[in-house]
Amino acid sequence: MYRQAGLASANNDIDFEETWNVIASSLKEMHTKNASQLSFETIYRHGYKIVLKKKGEVFYDRLQKFEQDWLGNHVQSHLRTLVTPSLLNNGQSGNPATVNERRTAGERFLKGVKEAFEDHHLVMNMATDVFMYLDRTYCADNRRPTIYSSGMMQFRDHILRTAPDTNVNRKMLEILNAIILEQIAMEREGDIIDKNLIKSCVYMLEGLHESAEEAEDERLYLTSFEKGFLDASREFYKEEGNKLISEADAATYCRRTLDRIDQEQKRCTSTLSETTKAKITAVVEDELIKNKIRDLIAMESGVKHMVDNDRFDDLELVYDINSRIDPKKLELTQAIQRRVQEVGAAVNESAMNTSQAAPQANAEGEAKPTINQQTLAAIQWVDAILQLKDKYDHLWKVSFQSDAIIQPALTRSFTDTINSFSRSAEYISLFIDENMKKGLKDKTEAEVDNVLEKAIVLLRYIQDKDMFERYYKKHLCKRLLMGKSVSIDVEKQMVSRMKIELGSSFTNKLEAMFKDMNLSEDLTNGYRNKIAALAEGRRTELDIKVLTSMTWPLETMQAVDSGEESKMQCTFAPAVERIKASFESFYAEKHSGRKLTWMGNMGTADIRAVFPMIEGKTGRLAKERRHELNVSTYAMIVLLLFNDVPDNGFLTFDQIQAKTNIPTSDLIRNLQALAVAPKTRILLKEPMSKDIKPTDRFMFNEAFNTQFLKLKVGVVAAGNKVEGEKERRETEKKNNDSRGFAIEAAVVRIMKQRKELTHQQLVAETVTQLAAQFKPDIGMIKKRIESLIEREYLERVEESQPQAYRYLA
C-alpha cells in the first residue's frame, strides 16, 4: 500500500510538470498572439485535471509567477524604450522639448501602455475562460483572487508601479498620469490630441484597483489620476480667471466661463470618465464663478453697465453663471437692488430739483408760475418711475427667466425707492389726475386699462396709503365739481380697481362722492322741472351739487392762508340770493332737518356782459359788444358789484372785500384774473401791477375787446397742483390726526379680543393690523396707548414683567 502511494505521488508530480509545460507554452502563444492553432478544450482539460488532483495551489502560484515574469521580461522592457527624457522632465521647468515633440512622445508612450494592457487584458480573459475550473474551486474555496483579478494586479504592480529604470524616481503610473494631464493642458490651449488614446488609458485605470477587494472607490482612476487632474485644473482656471478678469469684458468672461464648463463636461464624456463630470464642473465654477463673481459684477463692463445699456442677453449670462454656484443669486440680486435704488434716488432727486427750480420765462418775458413747474415735476417723476419699473420687469422676465427669488428683491427695492420720496403719494395721485383730465382722451379701451393698471401697480408700492387716499379724494373732488374728468365711467372703473386692491374701507368715501353727484343731478333736474312748471318767465339756469360734508374733502378746496375767513359765508348779489332761497325751499321739501352751506369758492357762473360803444373809436370799439363770460362764483359776485357803480366810478380792494366777504387770498386771485391777466382784463386796476394791495382801485373796463363771443376767465392757480410747504405741513398734520384715531381704533379692537397683552405684543399686532393703510410710528402708538389709559379704555397690569395692559369693558 505504501509503495503504491509513493508511486502514485511520483506519477502525479511528473504529470503536473508535463501538463504545466504544455499550459505555459500555450500561455506564451497567447501572449505572442499565436493562439489560433491552440486547442482551448485541451488546455481546459489540462487545468481541470491539475485541480482535480489537488494541485490547485501550485497551479495558481505557477500562473502568477509566469505572468510576473512575462510582464517583467517582455512588457516592461518594451515600455522602457518609450520613456524618453522629455517625458521624464514632463511638468518640470526647463524642459527643452517643444510642444509637438512632447505630444508625439507622450502619444507613443500612451499607445504602448494601451497596447500592453489590451494584450494583457485579452490574455487574462482567455486564461479565465480556459482555467474556469480553477476559479470555481480553488480560488473560491481558498478566497484567493480570481485569475483575471490577479492578472490585473500583476499589471498594476509590475508595470504601473515600477520605475522604468533604477536611476528614475518616477514610476510608470506617475509618468502616465503626467502625460495625460499635459495632453489635456495642450487641448485647453487649442491643440488637437488623440482623445481615443487617452480614453483607452483611462479605461485601464478604471479597471484597476488598489486592493483585491476591488472596491468602487479604490479604482486607480480615482486614487491616482483624478485628484491630480482636479488639482491641476484648479490651478489652470485660477490663473485663467485672473487673466480674464483683467483683460476681458464681463460678457466675454461669462461666455468664456460657460464655454469652459461645456468643454470640460464634453472632455469627461469623450476623453476621461463620466464620474469626473460633476467634480470638474465644480472646480471650474469655483475658480471662474464663485471666486470671481463679485469682481465680475463690479467690473466697469459689469452689471451696472449692462443694465444701463439694456444688454439683456449679457445679463442673462451673468444670471446663468451666478445660478450655478448660488441658488439665491445673492451677488447678482444685491447688484440689481443697488442699481434700482441708485437710479431711483436720481429720479427722486431730479424731481425735487425740478419742483424747486426757478420759474422759466415765457416768450413774453413773464415768469411762469412755479406751481406749474412742480406739477410738471410730479408727472415726470411718475413717468420716470414707471419707465424704471417697466425696464426692470422686462429685465426680470427676459434676462432672469422670471426668477421667483429675484422678484421679491426687486419689489423691495422699488418699495424703498418710492417710499423714500416724501411726495410719492401726492405725485401718484397727480399722475392719475392728469390722465383722468387729459391723458385718456382719444385712447382705446385697452390703452385706458393699461394706464389704470400702471397707477394700481404704483399704488401697491406705497406704504402710506392713507396719505394717498387724502390726496386722491382732494383731486377727485376737484375733477368732479369742475367737470374736468374725461369719463365718469373711467373714474368709477379706477375706484373699482382700488376697491379690489385695497378693500372697501379705502373706497367707501370715494364711492359716496359719486353717489352724491348722481343725487345732485336728480335734485337739479327736479328743481328745473319745478321752475319750468311755475312759468314765471325767464329764469336763471342753476346746476346744483349737494355734497355730504363728512364725505367730501371740502377743507382742501380752501386756500391754506385763508384761515378763519374760509368759514365765513360770502355775500351774494340780491338776484343770486333769491335763487338760493328758492332752492333751499325746494330742498327742505325733499329733506327736512338738513342744513345747506353754500361754498362760493367752488362754483362757476356764466354771465352776459355788455360793453358800451366808445366814442371816437373805430372798429369793434365803435359799437356795443356782448360777451358770455365763464367765471368763478367769487368773480361773478365781484363783477355784479360794478352794475351799481356809476360811470368812471371805482371800488377799492377793501370796499370789494367788505361788500362780498370773500376771503382775502381768494379775492386776490380772482381780481388778478379779472384785472391783471391781459386776455381777460374785464376790470381796470390802478395802479397797474401784478400785486394786489388794499388801497388799489378797480373800475369797469368799457374798452375791453376780444374776438371771442364766449370767454373763460381762469382763476390763478386753479385746478390740482402740487402743494406748497405750508399746504403740505397742514395736510400732514391732518393726516397724523387721522392716524391717531386709526391707531386708537386698532388698539381697542385688539384688546377687546385679547383682553390682556404685553406692551410688545400690542405694538406688534397694531403695526400688523395697520400695515395695509400706513406704516405707523412706534412713538405715536405709545402716545395713543397712554391716551386710552387716561380715558380708561385700558389699564396697566400691576407688577407685570414685561409691561402689560388689560382691556376695560
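# Sheets and helix packing in a predicted model

Q: How do strand β1 and β2 pair, and over how many bridges?
A: Strand β1 (residues 604–611) pairs with β2 in the antiparallel sense, over 8 bridges. Two strands count as paired if DSSP finds at least two bridges between them. Helices (H or I, at least four residues) and strands (E, at least two) are DSSP runs, numbered from the N terminus.

Q: What kind of model is this, and how were residues and side chains handled?
A: It is a predicted model: local features need pLDDT of at least 70, side-chain atom pairs count only at pLDDT 80 or more, and totals for chains, interfaces and linings use all residues. Residues are numbered from 1 along each chain as its sequence is written, and side-chain values use heavy atoms, with hydrogens and water left out.

Q: Is β2 largely enclosed or left open?
A: Strand β2 (residues 625–632) has 6 of its 8 residues buried, so it is largely enclosed by the rest of the structure. Buried means under 20% relative accessible area, exposed is over 50%, and partly exposed lies in between (1.4 Å probe, protein chains only).

Q: What does β6 do with β2?
A: Strand β6 (residues 710–712) runs parallel to β2, joined by 3 bridges. Leu629 stands opposite Leu711 of β6. Glu628 has Lys710 of β6 as its bridge partner.

Q: What is the strand order in that sheet?
A: The order is β1-β2-β6, an open sheet of 3 strands with mixed pairing. The edge strands are β1 and β6, each pairing on one side only. The twist averages 25° from one strand to the next.

Q: Which strands does α25 lie across?
A: α25 lies across β1 and β2, at about 135° to β2. Axes are lines fitted to C-alpha atoms, for helices over the stretch in contact, and angles run from 0 to 180 degrees between N-to-C directions. Contact means heavy atoms within 4.5 Å.

Q: How do α25 and α26 cross?
A: Helix α25 (residues 633–641) and helix α26 (residues 653–660) cross at roughly 110°, and their axes come within 11 Å. That makes α25 roughly perpendicular to α26. The cut-offs: under 35 degrees is roughly parallel, over 145 roughly antiparallel, 65 to 115 roughly perpendicular, and the rest oblique. The crossing of α25 and α26 is right-handed. Handedness is left if the near helix is turned anticlockwise from the far one by less than a right angle, and right if clockwise.

Q: Which residues make that contact between α25 and α26?
A: Ile637, Val638 and Leu641 come from α25, and Ile656, Lys659 and Thr660 from α26. By class, the contact of α25 with α26 has 4 nonpolar, 1 polar and 1 charged residues. Ala, Val, Leu, Ile, Met, Phe, Trp, Tyr, Cys and Pro count as nonpolar, Asp, Glu, Lys and Arg as charged, and the others, Gly among them, as polar.

Q: New topic. How do α2 and α6 pack?
A: Helix α2 (residues 40–52) and helix α6 (residues 132–142) pack at about 20°, with axes 8 Å apart. So α2 is roughly parallel to α6. Their crossing is right-handed. Tyr44, Tyr48, Val51 and Leu52 of α2 meet Met132, Tyr133, Leu134 and Thr137 of α6. The contact of α2 with α6 counts 7 nonpolar, 1 polar and no charged residues.

Q: What about the sheet with β3, β4 and β5?
A: 3 strands form an open sheet in the order β3-β5-β4, with antiparallel pairing. β3 (651–652) and β4 (683–686) stand at the edges with a single partner strand each, so one side of each has no neighbour in the sheet.

Q: How many bridges hold β5 to β3 and to β4?
A: 2 bridges join β3 to β5 (residues 697–700). β4 and β5 pair over 4 bridges. Arg697 in β5 stands opposite Thr652, and Glu686 also stands opposite Arg697.

Q: Which helix lies across β4 and β5?
A: Helix α27 (residues 664–675), running at about 110° to β4.
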